[in-house]
Every structure is written in C-alpha cells, then in structure tokens.
Amino acid sequence: VSYSQTDYVGHMFGPKSREAMDAILVLDRDLGRLFTHLDAKVGEGNWTAVLSADHGAAPGDSRRVDQQIFMKTAQDAYATAGFAGELRFIEPTIYLPEDVVADPIKRTAAAKAIVDGMADYDGVAGVWAWREPGGFPADTPHRQSYLESVDNVRSGDLFVMVEEGVLFTWRGDATGTSHGTPYDYDAMVPVMAFGKNIQPGRSTELVDVRQIAATVGVLLGVGAPAQGLQETISAALK
C-alpha cells in the first residue's frame, strides 16, 4: 500500500515545512484507521505491518542550480564541438540525439565534448559518459549506486549528479525539495515492523530496504523473491 501524499507535499513545500508536518499527522490517522480495521477483520495479533519509504529528501534550504542554464551550457559545449540537434535532460541523464547515438564514433566524441565542457560546473559533482569505456572511473564516489541507477535501454547517454546539499531547480523555483542522490538525506530511511512474529526492540543495524521483500516473504512462508536480495532483516524477526 502506497501513501503518496507525503511525497507530493514534500516536493512542493519541503520536508520540514508545516505542510509536511500536517501530512505526517494525516498519515498517522490513516494508518490508525487501517490497523483498527485489520484488528476487527483479521484479528488483533494476527497481522503484521512493515513501514518504510523508497527515498528521503534534500533539505528545503538546499542550494539551487538552474536546470535551464545548466542545459544551455551543455548544449553550447555540444554545438561548439560541431554537433547538431537538441539535447534532452530527464534527471539524472542527458540524452543525445538519436542519429548521434546510432554512430558509436559520433556518440563517443559528442559525449566527451559535453563532459569536458561541463567540468567543474558549480554545484554539480560530475557528468559522466557512462556508456563509454571507463565511463564511471573506479574511484568515483558512490559508483555502485550510479551503476544501479542506469538502464542500457531507457537511460540517457550522460549521467549527471549534483553535489551534496544541492538541488536542480526549474525556472528559478526556490521552494520545496526533491530526491535522487546517494547522499544520506536521500538514501537513509526508517524501517518499522510490528505485529505477528515481529521481535520487539530497536536496532541501529544498517539494512537495505530491498531486504523487506525477503523478510515479508519469510513471514508469509513463501521465501524471498528469486531476483531480490536474499537476506532477511533478522533483528526484526522472532
């Protein structure tokens, strides 16, 4: 079950706003209604709930990088190198025109021109031509997270990451927040489990939210998903 209003409110107003606080209070009431219903229909002590989130959020006072100006700089570097066509940016990747992508030599040259032209761009941690050999150098911070964030078919040709404490903004918008980075404020979320076969207590052990699927699989008696992480959150289970 997805309760998504906290996401929409956070994007609009920021994670520490009064509006976000109100959204959490509303969520708390909704969960209370759900759990009261489960007690009545399934029986108190006969059900289990696991609560978590798919991401966190950057602070609302994060420094802003104007996405339009950033893309104009990338487009200028691309054109200066002699390439035609319009670049597209769907965060976190820049898409080269299809005719350039179809020619491996042109693709490599165009990607390099953009990477070189965007070097040391203020507020941007890096721009990587990830499809090219050595696209993410071995010493790249958060390299594994980046590799798990791109798809050979659907992603663009250059991967862009802002610096910690920075957000892309559109048309000068300076309110609200977003997510999509490997930094702690985005990547660290709570996990809470309670109910049948859950061990009371508190653990500071770091776990991966993808372990929730294996944990719930054990609780249901069906095992972990074949393509998922196999480790359960052992501290949560009786």
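## The second largest pocket

How many nonpolar, polar and charged residues are in the lining of the second largest pocket? This is a predicted model. In it, that lining has 26 nonpolar, 13 polar and four charged residues.

The second largest pocket has a volume of about 1500 Å³. It is lined by 43 residues. Closest to its centre are Tyr3, Leu27, Leu51, Ser52 and Ala53. The largest share comes from α2, with nine residues.

## How α1 meets α2

The axes of α1 and α2 are 9 Å apart. The two helices pack at an angle of about 175°. Angles over 145 degrees count as roughly antiparallel, so α1 is roughly antiparallel to α2.

Which residues make this contact? From α1 come Gln5, Thr6, Val9 and Phe13. From α2 come Glu19, Ala20, Ala23, Ile24, Val26 and Leu27. By class, the contact has seven nonpolar, two polar and one charged residues. Leu27 of α2 is also among the residues closest to the centre of the second largest pocket.

## Valine 191

Valine 191 is in the loop between α7 (184-187) and β8 (192-195). Is valine 191 buried, exposed or partly exposed? Its relative accessibility is 32%, so valine 191 counts as partly exposed. The cut-offs put buried under 20% and exposed over 50%, with partly exposed in between.

Leaving aside residues up to four places away in sequence, valine 191 touches Val50, Leu51, Ser52, Val209, Ile212 and Ile233. Two of these partners, Leu51 and Ser52, are also among the residues closest to the centre of the second largest pocket. Glutamine 144 is 47 residues from valine 191 along the chain. The C-alpha atoms of the two are separated by 23 Å.

## The loop between β5 and α6

Glutamate 132 is found in the loop between β5 (124-128) and α6 (143-147). At 12% relative accessibility, glutamate 132 counts as buried. What does glutamate 132 touch, not counting residues up to four places away in sequence? The partners are Arg107 and Thr108.

Histidine 142 is also in the loop between β5 and α6. Its relative accessibility is 35%, so histidine 142 counts as partly exposed. Histidine 142 is not a glycine, yet its phi is positive, at about 65°.

## Other backbone points to check

Where does aspartate 120 lie? Its place is in the loop between α5 (104-117) and β5. Phi of aspartate 120 is near 65°, a positive value in a residue other than glycine. With 80% relative accessibility, aspartate 120 counts as exposed.

Which residues does a cis peptide bond join? They are glutamate 91 and proline 92, and omega is about 15°. Proline 92 sits in the loop between β3 (88-90) and β4 (93-95).

Conventions:
Residues are numbered from 1 along each chain as its sequence is written. This is a predicted model: local features need pLDDT of at least 70, side-chain atom pairs count only at pLDDT 80 or more; totals for chains, interfaces and linings use all residues. Side-chain values use heavy atoms; hydrogens and water are left out. On a 1 Å grid over the protein atoms alone, a cavity is a set of points where a 1.4 Å probe fits but cannot get out, and a pocket is an open set with protein on both sides within 12 Å along at least five of seven lines; lining residues have an atom within 4 Å of a point. Grid points are joined across faces, edges and corners, and a volume is the space filled by probe spheres set on the points. Helices (H or I, at least four residues) and strands (E, at least two) are DSSP runs, numbered from the N terminus. Ala, Val, Leu, Ile, Met, Phe, Trp, Tyr, Cys and Pro count as nonpolar, Asp, Glu, Lys and Arg as charged, and the others, Gly among them, as polar. Buried means under 20% relative accessible area, exposed over 50%, partly exposed in between (1.4 Å probe, protein chains only). Contact means heavy atoms within 4.5 Å. Axes are lines fitted to C-alpha atoms, for helices over the stretch in contact, and angles run from 0 to 180 degrees between N-to-C directions. Angles under 35 degrees count as roughly parallel, over 145 as roughly antiparallel, 65 to 115 as roughly perpendicular and the rest as oblique.
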